[in-house]
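Please look over the sequence and the model first; the notes then go topic by topic.

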Amino acid sequence: DSTFAQTNLTAASTTKTNSFYNDVITGLRATPKRLNSKYFYDANGDKLFQELMNCEEYYPTNCELEIFSEKTDEITSALIADGDAFDLIELGAGDAMKSTYLLKDLLDKKAEFTYLPIDISDNVISYLNITLPVTLPGLNIKGLNGEYFDMLKKAASISPRRKVVLFLGSNIGNMPVPEAIEFCRELRKHLSEGDMVLIGMDLKKDPKVVLAAYNDKDGITKRFNLNLLERINRELEGNFDVSKFDHYPTYDPESGACKSYLISLEDQLVTIGGKETISFQKDEYIYMEISQKFTIMQTDQIAINAGFVPLTQFFDGKKWFVDAIWVA
Ligand code: AVI
């Protein structure tokens, strides 16, 4: 049994490493060079992201926490709807800090639900499966480790109950707008009429506030970006010298696109996996991440475009962030 589990585990991690390697090589061979920000989140990246969420300039987490702590009753009442039993599915649950506000209130209200956090990290899922039933006695939890849509399908096959999907933290902003709409359409296809989505989206605001959030004075965002180069060194036998790259964030108030780049400080060659050599010219960039900011109108348009009906919106006091409920 344990040999079987071990073989499966090795096969799974080899597949993961292969797609990481292929994506990295394709991205760095392209013009302009790019890396996919979904690879930021190895154990080190998770830690740096936690640090980021606590830093002064990174406002989105605090805004969403304010919404969840101050509007808990309104949010959970809307999600409970007619009071029928439901599955509460969270895409990219992380430490579930924000959702814990909702879970606690749903338990207090004696709502009949199962919490199904989905995360690509198996560490995250086993952590939640173990810790949440202790902090929230009475919680039914079934963590699902895998890709969002594969796990949504699995969740639907386990139970036919109404679904409420949480997609928080403006994770949707890490896709360019057309891809975000496509993602929401795909999400809609996995849901049935009457199911709900609670989605967190970061809003357009003073450009200086946005830019500062991605250019914190302690350099955590810089380390967060450079960590991907270090991850390539660790996992794919790369030889990046991270001191030869600088972090360059930009924000375009017109489009709402906040983008991060790493800039090569000199002409240099980097080898990956002992065989692929990538050449960088001085000042050449790697496009690392988009963190899209939205207008309120745009959030409704995305919902409608994807086949949802926008139901309610909850804002923080400064109106910097919105959590919207959409109905399928
Ligand atoms: C996870 N995601 C919504 C964060 C964001 O704001 O785009 C990731 C992040 N990147 C830099 N700082 C935080």
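Strand 8 and strand 11 run antiparallel and are joined by seven bridges. Two strands count as paired if DSSP finds at least two bridges between them, and helices (H or I, at least four residues) and strands (E, at least two) are DSSP runs numbered from the N terminus. This is a predicted model, in which local features need pLDDT of at least 70, side-chain atom pairs count only at pLDDT 80 or more, and totals for chains, interfaces and linings use all residues. Residues are numbered from 1 along each chain as its sequence is written, and side-chain values use heavy atoms, with hydrogens and water left out.

- An open sheet of four strands has the order 1-11-8-7, with mixed pairing.
- Strand 1 (33-34) and strand 7 (245-252) are at the edges of this sheet; each has a single partner strand, so one side of each is left without a neighbour in the sheet.
- Cys 258 has Ser 291, in strand 11, as its bridge partner.
- Another open sheet has seven strands in the order 4-3-2-5-6-13-12, and its pairing is mixed.
- Five bridges pair strand 2 (residues 86-91) with strand 5 (residues 162-167) in the parallel sense.
- Leu 88 has Val 164 in strand 5 as its bridge partner.

**Annotated domain**

- UniProt lists residues 21-326, in an unreviewed entry, as "domain: Histidine-specific methyltransferase SAM-dependent".
- UniProt positions are given in the numbering used here, feature names are shortened, and annotations may be inferred rather than shown by experiment.
- The span of residues 21-326 is 41% helix and 25% strand, and its end C-alpha atoms lie 37 Å apart.

**Nonpolar cores**

- A nonpolar core is a set of buried Ala, Val, Leu, Ile, Met, Phe, Trp, Tyr and Cys residues joined through side-chain atoms within 4.5 Å; buried means under 20% relative accessible area, exposed over 50%, and partly exposed in between (1.4 Å probe, protein chains only).
- The largest core has 68 residues, and Tyr 115 and Ile 272 have the most contacts inside it.
- Helix 10 (residues 220-236) gives the most to this core, with seven residues.
- Apart from this core lies another, of 33 residues, including Leu 91, Leu 144, Ile 302 and Ala 303.
- Beyond its neighbours within four places in sequence, Tyr 115 is in contact (heavy atoms within 4.5 Å) with residues including Leu 88, Glu 90, Leu 132 and Lys 142.

**Aromatic rings**

- Rings of Phe, Tyr and Trp (its six-membered ring) pair if their centres lie within 6.5 Å; planes under 30 degrees apart count as stacked, over 60 as edge-to-face and the rest as tilted.
- The count by this rule is 21 aromatic pairs.
- Tyr 59 and Trp 320 form an edge-to-face pair, because their ring centres are 5.3 Å apart and their planes stand at 70°.
- This pair links distant parts of the chain, 261 residues apart: Tyr 59 is in the loop between helix 2 (43-53) and helix 3 (60-70), and Trp 320 is in the loop between strand 12 (309-315) and strand 13 (321-327).
- Tyr 59 is buried, at a relative accessible area of 5%.
- Tyr 261 and Tyr 287 form a tilted pair, 5.7 Å centre to centre with 40° between the planes.
- Tyr 261 is in strand 8 (residues 257-264) and Tyr 287 in strand 11 (residues 285-292), 26 residues apart.
- Tyr 261 counts as buried at 16% relative accessibility, whereas Tyr 287 is partly exposed, with a relative accessible area of 24%.
- One aromatic cluster is formed by Phe 40, Tyr 41, Phe 49, Tyr 58, Tyr 214 and Phe 224.

**Charges over rings**

- A charge sits over a ring if NZ of Lys or CZ of Arg is within 6 Å of the ring centre and within 35 degrees of the ring normal.
- Lys 259 has its charged end over the ring of Tyr 287, 5.5 Å from the ring centre.
- Lys 33 has its charged end over the ring of Phe 280, 5.1 Å from the ring centre.

**Two single residues**

- Asp 202 lies in strand 6 and counts as buried, at 0% relative accessibility.
- Contacts of Asp 202, leaving aside neighbours within four places in sequence, include Tyr 59, Ser 170, Lys 293 and Trp 320.
- Gly 194 lies in the loop between helix 8 (177-189) and strand 6 (196-202) and counts as partly exposed, at 31% relative accessibility.
- Not counting residues up to four places away in sequence, Gly 194 touches Arg 162, Val 327 and Ala 328.
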